[in-house]
Amino acid sequence: MSSSPTYLDPIILPLLSGATVLDVGCGYGRWGHLIQSNFWEAGLTEPPQVDGFDAFLPNVEFCSKHSCYRKVWHQVMPSPLTGTWDTVLACEFIEHIEQKAVEEVIEILEGAAKKRVIFSTPNWPYYRGGGDTILGYNDLEAHLSYVSRDFFGRRGYTLIGAGFGNPTNLVVRAVKKLKFSWEPALQSIPRMFPKLGHSLVAYKNIT
């Protein structure tokens, strides 16, 4: 899938747990590289081993050339996963799954996590079609579903807002419209008030 917004980095990297990570929808390999270089942000003493898969074959071929991944393969969800990882990271992924398959895919990913599962996704119904990428047109870039804060909450996830910018929120819309010079200072506010965030980070510890 496509690259994730940079404002997710300081939220997601400290959430990594354990010696192995599965990068779900690994895209161009951005998270693989970040984990290799910034593993210390999670309190780890050495980089975890990272595996990844993607539904777009050119992404798989691209990431297979990166030394930051132990293994990369082609897989389309929903489908069974072989193996388990300490952290399963699905960043900007679940919105690309058809709505009717969302719960099944989340259950598959939860079942593959030994310590923690992490999702990030747009914080409002943001539907769109496929698009051009650096590796060619990718129809799988389409946003097919919306997974709400309530949905994750019912499944026991901790929620963090990321990036001040939920376009459906009246407060955000008012601030954006008035173009306050201090708007950049609001970027950390969604951590305490997730509904204000452009993106939603949801994580759950596996017991």
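User: Where does K115 lie?
Analyst: K115 lies in strand 5. Helices (H or I, at least four residues) and strands (E, at least two) are DSSP runs, numbered from the N terminus. This is a predicted model, where local features need pLDDT of at least 70, side-chain atom pairs count only at pLDDT 80 or more, and totals for chains, interfaces and linings use all residues. Residues are numbered from 1 along each chain as its sequence is written, and side-chain values use heavy atoms, with hydrogens and water left out.

User: How exposed is K115?
Analyst: K115 counts as partly exposed because its relative accessibility is 40%. Buried means under 20% relative accessible area, exposed over 50%, and partly exposed in between (1.4 Å probe, protein chains only).

User: And what is K115 in contact with, leaving aside its neighbours within four places in sequence?
Analyst: K115 is then in contact with S17, G18, W85, D86, K204, N205 and I206. Contact means heavy atoms within 4.5 Å.

User: T207, then. Where does it lie, and is T207 buried or exposed?
Analyst: T207 lies in the segment after strand 9 (197–205). T207 counts as exposed because its relative accessibility is 100%.

User: Switching to helices. Which residues of helix 2 are buried?
Analyst: In helix 2 (residues 30–38), they are W31, G32, L34, I35 and N38. Seen down the helix axis, these buried residues fall within an arc of 165°, so they line one face of helix 2. The arc is that of the directions from the helix axis to the C-beta atoms.

User: What covers them?
Analyst: The cover includes helix 1 (9–12), strand 1 (20–24), strand 2 (49–54) and strand 4 (85–91).

User: What about helix 4, which residues are buried there?
Analyst: Helix 4 (residues 102–112) has V102, V105, I106, I108, L109, E110 and A112 buried. They pack against strand 1, strand 4, strand 5 (113–122), helix 5 (149–154) and strand 9.

User: Which peptide bond is cis?
Analyst: The one from M77 to P78 is cis, with omega near 5°. P78 lies in the loop between strand 3 (71–74) and strand 4. As background, most peptide bonds are trans, and most residues other than glycine have a negative phi.

User: What is phi of E92?
Analyst: Phi of E92 is near 55°, a positive value in a residue other than glycine. E92 sits in the loop between strand 4 and helix 4. E92 counts as buried because its relative accessibility is 9%.

User: Now the whole chain. How many helices and strands?
Analyst: The chain has six helices and nine strands. Of its 207 residues, 55% count as buried.

User: What is its radius of gyration?
Analyst: The chain has 17 Å, which agrees with the value near 17 Å for a compact globule of 207 residues. The radius is taken over C-alpha atoms, and the globule rule is 2.2 Å times the number of residues to the power 0.38. Along the principal axes, the C-alpha atoms fill a box of roughly 50 × 40 × 35 Å.

User: What share of contacts comes from residues 24 or more positions apart?
Analyst: Such pairs account for 75% of the contacts in the chain with a separation of 6 or more.
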